[in-house]
Structures are given as structure tokens and as C-alpha cells.
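The sequence and structure are shown first, and the points follow by topic.

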Amino acid sequence: MKQLKGIGASSGINYAKAFIIEPPIFQILEDKIKDIDFEIKKVNESIKSTISQLEVIKNIAFERLGEDKASIFDAHIQIAQDPEIKSQIEELIKIENYNSASATNLVFNNMSEMFSSMDDAYFKERASDVIDVKNRMLSNLLNIKLPDIMSINSDVIIVAHDLSPSETAMLNKKFVKGFVTNIGGRTSHAAIMARTMEIPAVLGLNNITDIVKNDQIVAIDGSAGIVEINPNNIKEWEDRKRIFEKEKIELKKYVDKKATTLDNHTVLVEANIGKPSDSDNLNQYGADGVGLYRSEFLYMEASNWPDIDNQFNAYKYVLEKQPNNLVIVRTLDIGGDKKLPYYTFEHEDNPFLGYRAIRLTLDKVDIFKTQLKALLKASKYGKLGIMFPMICTIDELLKAKEILEKCKNELETEKIEFSKDIKVGMMIEIPSAALIADKFAKYVDFFSIGTNDLIQYTFAVDRMSPKISHLYQPNNPSLLKAIELTILGAKKHNVSVAMCGEMAGDIMSIPILLGLGEKGLDAFSMSSSSILRAKKLICNLKHKECIELAKKALELETAQQVNDLVSNFLKSKKLI
Ligand code: PEP
Ligand code: MG
């Protein structure tokens with residue numbers, strides 16, 4: 001037996017025989033050509049075949065995964081049709097006498113390298129889209145078959161270096177019991193599609209393709225990111241699978257339930273989303289609204305600053321999906337690790353402490369106003385909350401609110417309608433704001449604590465740096481103190497207080513967060529897949545006991561002591 005640890009990308013437990021997908025081997029000769037027209041004709045035919053094959057895959061994806069996921073293949077078709085790519089290939093053939101395959105290979109590789117070199121995880125992942133289309137182009141040019149995934153007709157765990165989006169779309173859930181790959185992360189298309197199809201997946205295992213042989217038994221735990229090859233104890237895996245399936249059914253009971261403690265204290269459990277389509281199935285996940293819509297993805301996916309109509313459509317889409325719940329849209333939070341393809345940030349030694357988020361939008365007022373007006377216009381389609389990120393001084397907050405008022409006045413003059421009941425709030429993610437939260441609370445309707453950044457700035461620990469990740473401590477009493485100050489400050493002015501950082505969905509923090517500052521958080525916002533588990537936990541706790549637990553936690557000195565406290569508390573209630 002051999003155990004490996006990777007990135008748990010799609011939850012679920014399963015085991016089956018390994019089915020290794022060998023990447024296609026293209027022998028690309030560097031031969032110079034004589035017949036230019038013939039090579040160009042071959043490229044054109046390959047583009048045609050590629051597009052028609054992608055159309056077929058798109059239709060399969062539409063049936064299996066729905067419209068949103070199928071649209072990935074529109075993007076692939078666009079790449080295949082891209083006139084700029086085609087003309088670069090033709091130029092290499094005409095001017096440098098490259099053959100069609102080597103010209104295609106070079107142009108696509110350059111494009112994929114450009115994406116790979118970007119800092120942002122989202123753009124890095126797009127490199128695999130380009131390679132996916134390149135492989136299809138080359139397979140058509142060189143007459144080499146791509147792996148035939150559709151022909152799988154017995155239970156398997158797929159083992160691959162990487163799974164392209166088109167390969168993932170072709171997986172048949174009836175036989176594919178899971179997949180494991182050498183590379184890839186939680187935001188790759190393969191991971192996103194696996195979650196939609198509910199196929200367990202563990203990615204980023206480095207060299208699993210070198211370790212596993214075809215037909216060996218592979219067992220995977222897609223939540224914990226664990227893979228076992230030739231497991232000793234299949235019975236144990238069988239039990240784990242049964243427990244997982246049972247829990248999945250049990251969690252479904254919480255879909256329509258409120259998150260109310262045993263002593264009748266109710267909080268909201270909301271979803272964090274990044275794209276409009278993320279709001280499609282929120283009711284299925286049991287979400288009480290959207291606690292954080294990260295609007296920056298709209299900007300990151302565009303090829304230029306998105307205009308008012310483009311943004312309006314996105315916000316309206318989400319608001320209409322949640323007619324009875326608050327949808328909190330965070331204004332542009334760009335900079336730090338989040339870059340834009342059409343805007344060059346000036347070099348800064350510490351971009352996380354630099355020109356980002358509200359600092360940028362208060363400086364680029366036109367861009368800020370476009371977003372605020374799009375939000376105002378969309379506001380009449382639901383219950384909107386507008387949230388400002390990275391506020392560190394009262395002046396910034398007042399300036400942002402002043403610009404919002406200006407936008408309202410301008411829309412009124414233009415006779416454009418908007419809701420009169422828009423909530424305005426701010427993220428608490430910088431210690432300077434947490435420390436005087438009572439003063440900020442006078443000017444807002446709500447706070448949302450962004451612990452991902454608040455931890456980074458409280459401990460001076462870069463959230464992206466694996467070498468110092470041991471210092472990134474959600475349950476450290478100093479962070480709990482900052483959260484308590486925020487809750488107390490909010491309550492002094494009757495302002496609601498939520499949390500939208502990852503800590504809000506952490507079972508080891510939720511009991512404390514329910515009790516901090518006596519009243520605790522009013523809302524917990526998290527990735528949709530964590531909602532039901534959080535609801536179940538809250539429904540099985542007593543608010544009174546959480547208040548006592550939070551008080552005890554604040555008396556302690558280290559994160560480890562707090563973790564032990566919570567762990568013993570949950571064990572005593574048989575909740576872990
Ligand atoms: C946070 O900082 O906790 C947060 C929710 O924002 P982001 O992770 O997008 O910085
Ligand atoms: Mg943040």
C-alpha cells in the first residue's frame with residue numbers, strides 16, 4: 001500500500017481500478033517546407049475539424065453539466081477561431097517556412113506560456129485551455145488520436161498528468177468513480193467540473209502517473225486529498241464511503257432549515273461567490289443569500305474595463321436569483337495578487353500593502369463610478385448590499401460613501417430608477433479598522449470581517465507564502481480579540497456583523513464566532529459547499545455555551561490552546 005497527499009478538489013470517497021490516460025505524443029518535426037499553400041490549407045482544415053469536434057463536446061457538456069460549464073467550450077472555440085493566432089501561424093509558414101504542425105505548436109505554446117507566467121491563479125489555469133485546443137489542433141494535423149475517454153465501460157479511477165476541460169466533460173459518471181492528477185488546483189476547470197458532476201477528485205499529486213500501474217486498485221478521499229494505491233484495508237474504505245454517503249443525505253435535511261441553535265439563536269449562513277453563475281444553485285446548497293460577491297472576477301475575465309451594461313447584467317442576474325435574500329456585492333478589490341490583463345500596476349515592493357482595492361478605486365474615480373452606477377441600476381431587482389473592501393481609515397469610508405451619493409444624484413437627474421433601500425457596508429480586514437470598529441459603525445449598515453486579510457495584516461504574514469503558513473493562525477487569541485472588538489463596535493450602533501473570510505466556514509472556529517462579544521456574528525458567509533455542514537453544526541450547539549467557550553478562548557495564550565479547547569468541546573458533544 002502507498003499513500004499520497006494532494007489537493008482535495010472534489011469531495012467524495014471511492015475506489016476502483018486505475019485507468020491511466022497517456023497524454024498524446026506528437027512528433028513535431030522541424031522540417032522546413034516547400035509547399036506553403038499546402039501547409040496553410042492543412043492548418044485551415046485542422047481549425048475546421050477542431051471547431052466541429054469542440055461543438056460536439058460542447059453539446060455533451062451541455063447535457064451533462066449545464067449551460068454554464070458548457071460555455072468553457074465556447075471559449076475553446078474562440079481560441080480555435082482566433083484570427084490573430086491563425087495569422088501568426090500563417091506568418092511562420094510563409095516567412096520562416098515552418099511546417100504546419102511546428103508553426104501551430106510554437107504559436108500556441110507562446111500563448112500558453114504568457115498565461116502561465118501571470119501571477120494570478122485564474123490566468124495560470126487558462127494556460128491549460130490553450131494547451132487543450134493546441135492538442136486537438138495537432139491531433140488533427142498529424143492524424144494522431146486523442147485518448148478515448150468516452151469508450152470507458154467499467155468502473156475506474158482515472159489517473160492522468162492533467163485532465164483537460166474537454167477530457168473532463170467526456171467523463172461518464174456511471175463508470176468514472178474518481179480521478180487523480182499530477183498537476184492542477186482547486187480553481188482549475190477540471191476541479192470545478194468534477195464538483196458539478198460530484199465525481200471525487202484529488203489533484204496536484206506531482207508524480208502519481210509514475211507510481212500507479214493500470215488495473216491497480218486506487219482509493220481516493222476527495223475531501224482530505226488522500227489517495228491510496230493498493231489499499232490494505234478495502235473494508236475500511238467501504239465504511240468511509242458509506243459514512244460519507246450517509247452524511248451527504250443527512251446534510252440535505254438542512255437545505256431548507258434555518259441556522260438556529262438549540263437555545264433558539266438564529267444566524268444567517270450565506271454564500272461567497274465569484275461569478276454570476278455561481279448563484280444558480282445556491283438554494284440547493286441551503287444559502288441564506290450572498291454574503292460576498294467578489295466583483296473583481298468580472299474585471300479579471302474581461303479584456304478591458306467592463307462597461308456599465310456589462311456589469312449591470314451580472315449584478316442583476318445574481319439579484320434576481322435571490323429575490324428574498326440580501327446580496328452583498330463587494331466593489332472592485334484588485335491589486336495584491338489579483339492582476340488585470342489590460343492594466344499594468346506600477347512596481348511596488350509590497351503590493352499587498354500597496355495600491356489596491358478601495359485605494360485604487362478612490363484614485364480612479366471614473367472606474368469606481370461606473371461600478372457604483374451599475375450596482376445602483378441593478379438594485380431594483382433584489383436586495384442589494386454594497387461593500388467597500390480594504391477600508392483602513394474613516395476618511396476613506398466617507399469618501400467612498402460621498403462618491404456613492406454623487407452617483408445616486410446623477411442617476412436621479414437622468415431619471416434612472418434605483419432602490420431606496422440599499423445597504424452600505426465595509427469589510428473589516430485591516431487591524432486599524434477592527435481597533436476602532438465602534439467609530440466606523442456610525443457610518444455603515446453592516447460589517448463583514450475578511451479574515452483572510454485580517455489574519456495576514458494582524459500577524460504580518462503573507463497569506464500566499466507556504467514557508468510561514470504556520471504563523472497564519474485563525475484561532476489565535478489576538479485575532480479573536482480583533483473580531484470581538486469588531487462585534488462589540490458593531491453592536492454599539494446596532495449594525496449587523498458578518499464574516500466572509502475562510503474562517504467563517506471552519507468547524508473549529510464557528511462555535512467561538514457564535515459567542516464572541518456575547519452576541520456573536522449575525523452572519524457567516526462561506527463557499528457554498530461548506531454551508532450545509534456549518535448549518536448542521538450551528539443547529540446542534542447552544543448559544544449560551546458558545547458565549548462561555550468564546551470567553552474561555554480569549555483567556556488563552558496560543559492558537560493551539562484554543563484549538564484544543566474547541567476540539568474537546570466538540571468531542572464532548574459528539575460533533576466531531
Ligand atoms: C478576506 O480578506 O477575508 C476576503 C474575504 O477577501 P479576499 O479573500 O477576496 O481578499
Ligand atoms: Mg480581502
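In this predicted model, the lining of the second largest pocket consists of 15 nonpolar, nine polar and seven charged residues. That pocket holds about 660 Å³ of space. The briefing then turns to a cavity, a surface patch and salt bridges.

**Second largest pocket**
- Of the 31 lining residues, Pro-24, Asn-135, Leu-146, Pro-147 and Glu-167 are the closest to the centre of the pocket.
- Helix H1 (36-65), helix H5 (121-142) and helix H6 (165-169) are the elements that each give two or more residues to this lining.
- H5 supplies the largest share, with seven residues.

**Largest cavity**
- One cavity of 30 Å³ or more is found in a search of the whole structure, and the volume of the largest cavity is about 40 Å³.
- Its lining is formed by Ile-47, Ile-79, Ala-80, Asp-82, Ile-85, Lys-86, Ile-89, Phe-108 and Met-137.
- By class, seven of the lining residues are nonpolar and two are charged, with no polar residue.

**Nonpolar surface patch**
- Leu-435, Ile-436 and Leu-485 make a nonpolar surface patch of about 240 Å².
- Leu-485 belongs to helix H18 (residues 477-492) and is partly exposed, at a relative accessible area of 32%.

**Salt bridges**
- The structure contains 28 salt bridges.
- Arg-242 pairs with Asp-239, with 3.2 Å between the closest N and O atoms. Because they lie three residues apart in helix H9 (residues 234-252), Arg-242 and Asp-239 are separated by about one helical turn. Arg-242 is exposed, with a relative accessible area of 52%, whereas Asp-239 is partly exposed, at 22%.
- Lys-408 and Glu-405 form a salt bridge at 3.5 Å, N to O. These residues, Lys-408 and Glu-405, are also about one helical turn apart because three residues separate their positions in helix H14 (residues 394-413). Lys-408 is buried, with a relative accessible area of 17%, while Glu-405 is partly exposed, at 41%.
- Asp-421 and Lys-423 meet in a salt bridge of 3.1 Å, N to O, and Lys-423 is partly exposed, with a relative accessible area of 31%.
- Salt bridges with shared partners link Glu-296, Arg-330, Asp-333, Lys-338, Arg-356 and Asp-453 into one network.

Note on methods: Residues are numbered from 1 along each chain as its sequence is written. Chains are lettered from A and ligands numbered from 1 in the order in which they are written. This is a predicted model: local features need pLDDT of at least 70, side-chain atom pairs count only at pLDDT 80 or more; totals for chains, interfaces and linings use all residues. Side-chain values use heavy atoms; hydrogens and water are left out. On a 1 Å grid over the protein atoms alone, a cavity is a set of points where a 1.4 Å probe fits but cannot get out, and a pocket is an open set with protein on both sides within 12 Å along at least five of seven lines; lining residues have an atom within 4 Å of a point. Grid points are joined across faces, edges and corners, and a volume is the space filled by probe spheres set on the points. Ala, Val, Leu, Ile, Met, Phe, Trp, Tyr, Cys and Pro count as nonpolar, Asp, Glu, Lys and Arg as charged, and the others, Gly among them, as polar. Patches are made of residues with over 30% relative accessible area and no salt bridge: like charges are joined within 9 Å, nonpolar side chains (Val, Leu, Ile, Met, Phe, Trp, Tyr) within 5 Å. Accessible areas come from the Shrake-Rupley method with a 1.4 Å probe; for residues, only the protein chains shown count as cover. A salt bridge is a side-chain nitrogen of Lys or Arg within 4 Å of a carboxyl oxygen of Asp or Glu. Helices (H or I, at least four residues) and strands (E, at least two) are DSSP runs, numbered from the N terminus. Buried means under 20% relative accessible area, exposed over 50%, partly exposed in between (1.4 Å probe, protein chains only).
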